[in-house]
Amino acid sequence: MNLTSSRRAVLFSLVLVMALVAACGDDAPPSPSDAGGVLDAGVNPNSDAGVADTGAADAAAPDAGAGDASSPDAGPSGYAHVPATGAVPDVLAGDRWKTHWVEDVRPFWMQDDALGTPPGNYPTFRGRSGRPAGRSERRPRMISRQIYAYAMGYLLTGEAALLERAGLGVRWLLDHAVDPRGGCHERLREDGSALEGPKYAQDTAYCALGMAAWFFVTRDPEAEAALLSLRDLLFDPSTFWDADAERIRDGRSPDLLSEVDQEQDGGWELVAQLDAINAFLLLAQPVLSEESRRAEALDDLRRLSDAMIRHFWQDGIFWGVSTKKGQYRTRHVDFGHTLKAYWMLLEVDKRLSDHPFQQWLDEHVDTWIARAHDGQRWMKRPTSATQNEGGSDWWIYAEAEQMAATRNLASGAYTDRLASSGQAWLDAYVDRQWNFEVFTGLTPQGQPVYQGPPNDTFKCNEWKNGYHSTEHALVMYLHGRHLEGLSAPLYFAVPEDTVETFVARPYYFRGSELERTTGSTVAAGGRTLRSVQVSFTDLY
């Protein structure tokens, strides 16, 4: 139902009053310039980059009380839409990022070779030109990431062909990657038969990613059942869940009967906790069909947030392995994992009625966003308490920009930095010579690290697919519409009898539904669905 102009005005006034009251209280977030500590020696002192964290060595996880599973968007105190002010740089306009996805990312995934044989058996390895190259094996986690690219591409554009391609991938994933013994296979042969190997928590989460994205857009009950089955496996004490330590174990044997230490180093993996949140739990939680499951998933998000802080956080950094805190240049110690962890904690905290992490986040988030930026672009990783390594991998750059854009919804403090780094992404990351998509990384000088021949698989391989480039464009689109004070239309495709009642969300964010417009029917995933455009405003 649409809000009348008068009702919107009243609600806006109430939100504004709440925001002003909050700003005067003890919990008001500090501005980046108020953060404590010393100037980072790896940052240009003439830039607007920030300071290094000098906080406590290992703070205990904040006390996390009861959450609000039934109405996560009820406008809890401490979070609210803050209208943007000031001029909007052209590069940050919302439609600029939709155009970027359509013109720079989409073409690589719309090639016939991207679909595989039979269609939906997406090749894991494709060359720079888009042709299949390298190994023929399939990685379910990458099939899943490609499903995400198509499903979220549809969310962004409403292009029916994208949804059709996503449905084909979901069918192949369900038929071949899901193991009847539980979980997903790590690898498949080209014909879809399984290659036996360990089942890692991170792979399990990313196998669920595509099903969560597909379910988020279509509300497919088969996909929902599959992702809930994977959730149950990760939180089963007899398999992945370590009830004593309250964390997800690294991995299990193929038959799930014994534990596997992923790196055989005696430590616990950050990504076993973090990627369960960002790959599927955060996206699916508010739109799951049953209230009991929504409440359960919200509790999962709280527990994993606690685990990340308790076991992996120290000196402002989320260290990749629990036993290597304080050891720079070790596994997953980079700005990507740290800022992604902060981003996930921020979005989880918005859904918890007691906001257990809010004050703690306000003490650390802005410091680390600022430290990760060199004044022009996002950097790769901290290499000591005061030094950073410049240049950045594509996914680290995207994660940093997404965190800054999310924070910018409320403060406007990062508009200039986002304009600079966003322009650098468009100028340097996009491979405009060979069917687009993005390079793997930039040098500290802002040039592509590697530009291989047509058959080189650096753009599409066992770790790189369309996931990060698509999510980056989607988040920057939503951020841009907020800056412009415009509503953000997104597209769903749902069963006819749910058109007026299904819960629509602006991706991870909170916001108000302005209107929904029913479109044509869409055939995808073996079902006939109805396209629905939902416009959101008041994002936060």
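The tour below goes through a glutamate and then several charged pairs.

Before clicking, note that this is a predicted model, where local features need pLDDT of at least 70, side-chain atom pairs count only at pLDDT 80 or more, and totals for chains, interfaces and linings use all residues. Residues are numbered from 1 along each chain as its sequence is written, and side-chain values use heavy atoms, with hydrogens and water left out.

**Stop one: glutamate 269**

Select glutamate 269, in the loop between strand S9 (259-260) and helix H7 (270-284). Helices (H or I, at least four residues) and strands (E, at least two) are DSSP runs, numbered from the N terminus. Is glutamate 269 buried or exposed? Glutamate 269 counts as buried because its relative accessibility is 0%; buried means under 20% relative accessible area, exposed over 50%, and partly exposed in between (1.4 Å probe, protein chains only).

**Stop two: lysine 199 and aspartate 179**

Next, look for salt bridges, of which the structure holds 43. Each is a side-chain nitrogen of Lys or Arg within 4 Å of a carboxyl oxygen of Asp or Glu. Select lysine 199 and aspartate 179, whose side chains meet in one (2.6 Å, N to O). This pair links distant parts of the chain, 20 residues apart: lysine 199 sits in strand S5 (residues 199-200), aspartate 179 in the loop between helix H4 (160-177) and strand S3 (187-188). Lysine 199 is buried at 3% relative accessible area, and aspartate 179 is buried at 5%.

**Stop three: glutamate 496 and arginine 530**

Jump to glutamate 496 and arginine 530, another salt bridge (2.9 Å, N to O). They are 34 residues apart, with glutamate 496 in the loop between strand S16 (488-494) and strand S17 (512-524), and arginine 530 in strand S18 (residues 527-537). Glutamate 496 is partly exposed, at 48%.

**Last stop: a network**

Finally, select Arg231, Asp232, Arg293, Glu296, Asp299, Asp300 and Arg303, which salt bridges with shared partners join into one network. Zoom in on arginine 231 and aspartate 232: their closest N and O atoms are 2.9 Å apart.
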